[in-house]
Amino acid sequence: MNTLLFSRRTTQACIDRLHGVVTENESKKFVDALNRPGRDRLIKLWEVVVLDALAQLGPIDHEQPLPSGQQPDFAFTLMTPDGPRRVVGDITCISDTGFDEQNPIRALSDELIRNAYKLGVDPAALDLQVEGRTHGAYRDAKMVLELPTKGQVPRFVKRDIVPFLSRIKKAPTVSDFIRIDTAAATLTVGYQPGKQYYSMGHPSYDVSYSIDRNPLWVGLKKKADQLRSSATDSVRVVIVCDGDCKGLKEKSPMGGHFSTKAIVEDYLRRNATIDVVLLLPVVEIHHSLQPSRVEIQPYFATRTNRNRPALSGTVRAALVSHLQRMVDHLPVPRMSAPNAVNRCNDERLLFGLHGGYIWSGHKMSISSKQLLELLAGIPPETPKVPKGATVEPMLPPNWQEHFLRYLMRGQMISKVTIVSGGETDDDTVEFEFGPPDVAISPFRMPPDSRTS
């Protein structure tokens with residue numbers, strides 16, 4: 001139901017609370033960016049919710065110019081046992097976009113599935129395994145998948161994989177595979193009739209094989225450069241938000257790559273500009289017996305480099321406590337960071353629970369947005385069946401059949417209740433149905449009559 005990382009309703013409340021904290025022109029920039037499809041939508045979303053959370057703790061200044069002309073996202077005065085300290089900080093949103101562009105595995109997978117449907121081959125029976133190679137010295141390298149560039153993917157699939165799919169088409173009951181090992185790509189495509197789900201595997205290319213050539217390090221350096229001209233005695237803070245960056249979530253090093261903790265601590269050891277780093281990764285929590293959920297798991301790190309006066313223990317404790325309270329005021333994420341990135345380009349606003357309902361006894365509940373779309377004459381969305389598909393998609397349940405059942409029983413709607421969905425960005429319309437009504441049912445004998 002949600003179209004953004006955070007609930008649209010919650011986001012609007014943040015925008016409203018920031019009125020007076022930021023200028024009207026800045027508010028308009030936020031609103032325009034949030035209404036416009038594109039990656040900037042997620043960046044501005046994080047900026048809005050973080051600024052709002054900070055502003056709820058006390059007065060903040062937004063984009064007050066530094067001597068260099070840079071305009072940090074926030075500044076405020078922190079009261080500590082050592083006296084007041086000026087805190088100046090920036091918000092950044094980092095992602096693995098560069099890694100994804102260099103490793104077009106998603107483009108290859110989409111093109112493979114598209115051609116499978118086109119030829120009448122069930123994509124669920126396919127398994128794509130792509131190999132990769134590390135480039136550079138140990139612990140200062142990067143993983144690159146053995147794939148053609150994104151622009152060359154359609155031609156590559158047509159030339160090297162489509163003949164294999166055509167072979168499968170002629171013998172759909174026979175297991176088969178093809179291995180491609182050329183200068184353009186190194187991969188295997190397997191076919192197993194009867195397999196239920198499409199599968200894909202590849203080496204992880206978005207972890208940090210280099211301590212200082214990764215999105216997290218680059219993001220810290222960029223913000224440090226912007227804060228460099230702030231007062232020497234100010235406390236400089238960088239808040240790093242999750243724009244779908246795996247480097248924000250790596251708790252321990254594996255296979256020669258560096259953990260998040262190692263990258264941040266090494267940066268703070270080698271550089272004196274930033275005093276405190278706060279990371280805000282969006283983490284998916286999975287339980288075997290419970291639905292998975294997403295949450296923000298903050299990570300704090302403070303400077304150890306002594307080229308500038310070190311923060312006293314009391315100042316550090318006061319600042320970390322303040323930022324922790326700020327985190328407590330952040331809204332709950334409604335989806336994972338990768339899903340949020342995928343939704344950034346979506347222009348649609350109507351996302352009702354098409355086909356979803358709750359039915360029990362004489363009560364029926366459906367999505368308010370779904371009902372509104374229906375009353376507005378917008379037809380419900382139906383799954384699109386790609387040309388040549390051999391497996392029919394599962395259709396959503398038809399909640400209207402239950403209304404028909406009440407109608408056939410002669411039961412009229414006796415009460416309608418709107419139940420707020422809060423941060424789910426939807427409400428529930430709950431219908432209650434009374435006993436059979438003669439207005440739409442046959443006449444009947446009085447209830448206290450007796451038959452002889």
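A disulfide is defined here as a pair of cysteine sulfur atoms within 2.5 Å. The model is predicted; local features need pLDDT of at least 70, side-chain atom pairs count only at pLDDT 80 or more, and totals for chains, interfaces and linings use all residues. Residues are numbered from 1 along each chain as its sequence is written, and side-chain values use heavy atoms, without hydrogens and water.

The structure contains zero disulfides. For cysteine 241, the closest cysteine sulfur belongs to cysteine 93 and lies 6.1 Å away, too far for a bond. Cysteine 241 is buried, at 0% relative accessibility. (Buried means under 20% relative accessible area, exposed over 50%, partly exposed in between; 1.4 Å probe, protein chains only.) For cysteine 245, the closest cysteine sulfur is again in cysteine 93, at 9.3 Å, too far for a bond. Cysteine 245 is also buried, with a relative accessible area of 1%.

Four strands build an open antiparallel sheet, ordered S14-S15-S17-S16. Strands S14 (357-360) and S16 (411-419) form the edges, each pairing on one side only. Helices (H or I, at least four residues) and strands (E, at least two) are DSSP runs numbered from the N terminus. Pairing requires at least two DSSP bridges between two strands. The twist averages 15° from one strand to the next. Angles run from 0 to 180 degrees between N-to-C directions, with axes fitted to C-alpha atoms, for helices over the stretch in contact.

S14 and strand S15 (residues 363-367) run antiparallel and are joined by four bridges. Tryptophan 359 has methionine 364 of S15 as its bridge partner. Helix H12 (residues 400-408) packs on the sheet and touches S14, S15, S16 and S17 (contact: heavy atoms within 4.5 Å). The direction of H12 makes about 150° with that of S15.
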